[in-house]
Amino acid sequence: MTGIVLFAIALVCLFLGYSVAFTFAGVSLIVGTIVLGADLFAFMPYRIMSIMENTILMAVPMFIFMGIVLQKTGLAERLLESAAKLFGGIAGGVAISTIIVGALLAASTGVVGASVVAMGVISLPVMLKNNYHQPTATGVICASGTLGQIIPPSIILIILGDVMGVPVGDLFRAAVLPGMLLVVTYVIYILILGKFKPEFVPPLVVTENKRELLVQALKDIVPPLVLILTVLGSIFAGIATPTESAAIGAVGAVILSILYGSFSIGKMHEISKETVKVTSMVFAVLIGATAFSMVFSYSGSEYLIEEFFMELPGGKWTFIALAMFAILILGFFIDFIEIAFLVVPILLPVAIALDINLVWFAILISMNLQTSFLTPPFGFSLFYLKGVAPKYLKTTTIYKGVIPFILMQIAVLLLVVFFPEYLIIS
């Protein structure tokens, strides 16, 4: 009963607009003190110290820094412009280039907000000027921007690795094929649209020499690609840990900004401040969620949840279905970080008891949380895009645009559910 009250009060406070971190911490403190006594929180300093000393979580600020460097120094802009000109001559070319660059940015940064804003500022005006179907244009940008949730080095995979006690390198390796399948699915959808609804995604009129375009595109794409291969390759080859590769990525992004002539002390100061803000938010939520999960666990609610799921007919498949449905619905209303820190620790003991492969389960959760970025009314990608879109572009237009991509994400999620042997690299 305590767990239900705790969860219900926290959700109500979140819906009322209270800060996530302080909601978790405050509700846990009040309910925990009333039900279990204030002595329970004597353990909190040790838990906070454990979080601060966690070497896995050290990768988070470095990957965030890496992503913001690529956005603020204009490297993402160069990528988008070159790719748009390279593919623009075919129907849906700008949309396809946006998807490809979205995948590259995802593999370079893992930061969804940076990708959506960059593509919203650069690609959206080009598509609208070229008379693209408005919902399709917005849907492509939102969906491409969220690829950072599943394509390594995804921040959520690092967080899930820590929460679930799974090696982050294993999660990165397992996420490669599902991420690539999503990219291919998006591109096929745009090509089909270009074939049967060419007025939705008309081609650009490209006047530049194709050879010059190809050379410029290679100059803009190859260096970030080398950075991606260095970061992920060092993890997959076992040369570096995710934290060490994050440091390589952060330094590599700065070197790229110097090579492209975009480096300045002023920009680095701004990037550092932005990194601190985002990182502080993540860790504040983590500390609040730690207090929440501690009260939830010590109240005995964890065992009640486990008992409930274990008694359901259908075993692990019923659990998977209910867990995915619950995460999908919660994603309509609350952020992926809250779900990772709040819901996953509740589901984890049940998954272990049912002998579910935790790497596979983590990939399913990550893909599901990716969908939460697109689902109205509170999908974060929708708000990121709305913030940089022209004022005449209605919110309902963005909502309509993401619906096909939500369906595609759910379809790919189902493929990973039923065919993990083909889509999960162990």
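Visitor: In which helix is Gly-93 found?

Guide: In this predicted model, Gly-93 belongs to helix H6, which covers residues 93–109.

Visitor: Is Gly-93 buried or exposed?

Guide: The term buried applies under 20% relative accessible area. Gly-93 has 0% relative accessibility, so it counts as buried.

Visitor: How many residues along the chain separate Gly-93 from Leu-204, and what is the separation of their C-alpha atoms?

Guide: The two residues are 111 apart along the chain, while their C-alpha atoms are separated by 7.5 Å. For the chain as a whole, consider contacts between residues at least 6 apart in sequence: 80% of these join residues at least 24 apart.

Visitor: How many helices and strands does the chain have?

Guide: The secondary structure comprises 21 helices and zero strands. The radius of gyration is 22 Å, close to the 22 Å given by the globule rule for 426 residues, so the chain is as compact as a globular protein of that length. Along its principal axes, the C-alpha trace spans about 70 × 50 × 45 Å.

Visitor: How far apart are the mean positions of the positive and negative charges?

Guide: The chain has 19 positive and 21 negative charges, and their mean positions lie 18 Å apart.

Technical notes. Residues numbered from 1 in each chain as written. Predicted model: local features only at pLDDT ≥ 70, side-chain atom pairs only at ≥ 80, totals over all residues. Heavy atoms only, no water. Helix = DSSP H or I, 4+ residues; strand = E, 2+ residues; numbered from the N terminus. Rg over C-alpha atoms; globule rule 2.2 N^0.38 Å. Contact = heavy atoms within 4.5 Å. Lys, Arg positive; Asp, Glu negative; His and termini not counted. Charge placed at Lys NZ, Arg CZ, Asp CG, Glu CD. Buried < 20%, exposed > 50% of the residue type's maximum accessible area, 1.4 Å probe, protein only.
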